[in-house]
Amino acid sequence: AKRLGGNNYFFYSTELQTITARTLKLEKDIRFAIDNQQLDIYYQPQVSLITGKISGLEALLRWNHPDFGMISPLEFIPIAENSGQILRIGGWVTRTATLQLKKWQATGIDPIKLSINLSVRELKQSQLVEKLENILTETGFEPGLLELEITESMLMEDQENIINTLNRINSLGVHLSIDDFGTGYSSLAYVKRLPVNQLKIDKSFVQDIMNDPGDAIIAQAIISLGHSLGMEVIAEGVEDTAQLDFLRSHGCDHIQGYLFSKPLPAGDIWKLLSDSETN
Ligand code: C2E
Ligand code: CA
Ligand code: CA
Ligand code: CA
C-alpha cells in the first residue's frame with residue numbers, strides 16, 4: 001500500500017484488509033455452498049428476432065451467502081476459479097440446469113436452448129468432454145440444445161489444445177458460443193478455425209450503440225462477420241427499444257437483456273414460458 005499521507009494510509013490499508021478477509025472467507029465457504037444449498041441458478045431468456053419467441057435461456061449462477069447475502073458471480077467466480085472449486089460448481093450448474101429444462105419439457109413446454117458459461121479452468125481440464133458426455137447421458141438432455149459460452153479471452157493461450165477440446169465438444173453435438181465478442185484480440189483467421197455456432201456481442205457495445213458511432217460500427221461488423229462465417233449472432237445487455245430496433249434492422253438473430261427480462265429464478269421462468277406458449 002502506498003502512503004497517501006495522513007489518515008489516508010490507515011484508511012487504505014484497513015480497506016485492503018477487509019477485502020482480503022472477505023475473499024479468504026468466501027474461498028473457504030464456497031467449498032460448502034453446494035452441499036448447504038446456497039447456490040441457485042437464475043435463467044435469462046434469449047429472444048429470437050425472427051420468431052419473436054424465447055429461443056433459449058442462459059443459466060446464471062447466484063450465491064446466497066449466510067452472512068453476506070446475495071453475492072455477484074463477478075466476485076465469487078474468480079475466487080472459485082482460483083481455488084479450483086469451479087470444476088465442481090460448473091458440473092453442478094450443467095447437471096442442475098439440464099435437469100431443470102428436462103422437467104419443463106415434460107410439462108409440455110417447447111424445447112429451447114440452454115446456454116451455460118464455461119470458465120477457463122473448466123475448458124482446460126482434461127476430463128471436460130467426458131464429464132459433459134456423462135451429464136448428457138444421465139439427464140437425457142438433447143446435446144443440440146446445449147450451448148457452452150466461452151469468452152474470447154479464454155481462447156488466447158494454448159490454442160492447439162483449445163481447438164482440440166472445442167472439436168471434441170462439437171463432436172458431441174453440443175454448440176459453442178463466443179461470449180463478450182469484440183472485447184478480446186482473437187484474429188479472424190483463428191475464429192474461422194473454431195467449431196463455433198454463435199457470436200455474442202458484448203453488452204459494452206450494446207449499451208452505447210445509439211450514442212457512440214464506433215460501437216455501432218463494431219456491432220454491425222460482428223453481425224456481418226458472424227453471418228459470413230455461417231454463425232448466428234446474439235446481442236446481450238439490450239435495455240431499450242432503440243437498441244433493439246438498431247440490432248433488428250442490422251440483421252442480428254437474437255437478443256438478451258433487461259428490455260425483455262432480467263435473469264429470473266426457475267419458478268418465474270416457468271411462468272414466463274407457459275404464458276408465452278399459450279399466446
Ligand atoms: P456474462 O456471461 O457476460 O453474463 C451477462 C451478465 O449481464 C449477467 O450478469 C447478466 O445478469 C447481465 N445482464 C443481462 N442483461 C443485462 C442488461 O440488459 N443490462 C446489464 N447491464 N446487464 C445485463 P451476472 O448474472 O451478474 O453474471 C456475471 C458474470 O458471471 C457472467 O457474465 C459470467 O461471466 C459469470 N457467470 C455467471 N454464472 C456463471 C456460471 O455458472 N459459470 C461461470 N463460469 N461463470 C458464470
Ligand atoms: Ca455469458
Ligand atoms: Ca457476456
Ligand atoms: Ca461480460
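Aspartate 179 is buried, with a relative accessible area of 7%. By buried I mean under 20% relative accessible area, with exposed over 50% and partly exposed in between, using a 1.4 Å probe and protein chains only. Keep in mind that this is a predicted model: local features need pLDDT of at least 70, side-chain atom pairs count only at pLDDT 80 or more, and totals for chains, interfaces and linings use all residues. Residues are numbered from 1 along each chain as its sequence is written, chains are lettered from A and ligands numbered from 1 in the order in which they are written, and side-chain values use heavy atoms, leaving out hydrogens and water.

What does aspartate 179 bridge? It sits between the calcium ion (ligand 3) and the calcium ion (ligand 2), which lie 4.3 Å apart.

Take ligand 2. Glu58 (OE), Asn117 (OD1), Glu149 (OE) and Asp179 (OD) coordinate this calcium ion at 2.1 to 2.3 Å. Donors here are N, O and S atoms within 2.8 Å of the metal, or 3.2 Å for Na, K and Ca; water is not among the atoms, so sites may look incomplete. Along the sequence, the donor residues of ligand 2 are spaced E-x58-N-x31-E-x29-D. Distant parts of the chain are linked here: asparagine 117 is in strand E4 and glutamate 149 in strand E5, 32 residues apart. Strands (E, at least two residues) and helices (H or I, at least four) are DSSP runs, numbered from the N terminus. Asparagine 117 is partly exposed, at 29%.

Now ligand 3. Aspartate 180 is partly exposed, with a relative accessible area of 23%.

On to the open space. The largest pocket has a volume of about 1,200 Å³. Of its 42 lining residues, Glu58, Leu60, Pro73, Leu74 and Asn117 are the closest to the centre. A pocket is an open set of points with protein on both sides within 12 Å along at least five of seven lines. A cavity is a set where a 1.4 Å probe fits but cannot get out. Lining residues have an atom within 4 Å of a point. Points are joined across faces, edges and corners, and a volume is the space filled by probe spheres set on the points.

Several elements each supply at least two residues of the largest pocket's lining, including strand E2 (54–65), helix H2 (73–83), H3 and strand E6 (175–181). By class, that lining has 16 nonpolar, 13 polar and 13 charged residues. Ala, Val, Leu, Ile, Met, Phe, Trp, Tyr, Cys and Pro count as nonpolar; Asp, Glu, Lys and Arg as charged; the others, Gly among them, as polar.

The second largest pocket has about 240 Å³. Eleven residues line it, with Lys53, Ile54, Asp110, Ser276 and Glu277 nearest its centre. Helix H11 (residues 266–278) gives the most to that lining, with three residues.

Next, H3. Its 21 residues, 86–106, should span 30 Å at 1.5 Å a residue, and the end C-alpha atoms are 30 Å apart, which agrees. The expected span is 1.5 Å times one less than the number of residues. Buried residues in H3 include Ile86, Val93, Leu101 and Trp104. Just after H3, glycine 108 takes a positive phi of about 100°.

The largest nonpolar core has 75 residues, and Tyr43, Ile201 and Leu247 have the most contacts inside it. H3 gives the most to this core, with six residues. Such a core is a set of buried Ala, Val, Leu, Ile, Met, Phe, Trp, Tyr and Cys residues joined through side-chain atoms within 4.5 Å.

There is one cavity of 30 Å³ or more. Its lining is Leu101, Trp104, Gln105, Ile109, Asp110, Ile112 and Leu273. H3 again gives the most, with three residues.

Last, two loop residues. Glutamine 37 has a positive phi near 55°. It lies between helix H1 (8–33) and strand E1 (39–48), and is exposed at 67% relative accessibility. Aspartate 158 also has phi near 55°. It lies in the loop between E5 and helix H6 (159–171), and is partly exposed at 41%.
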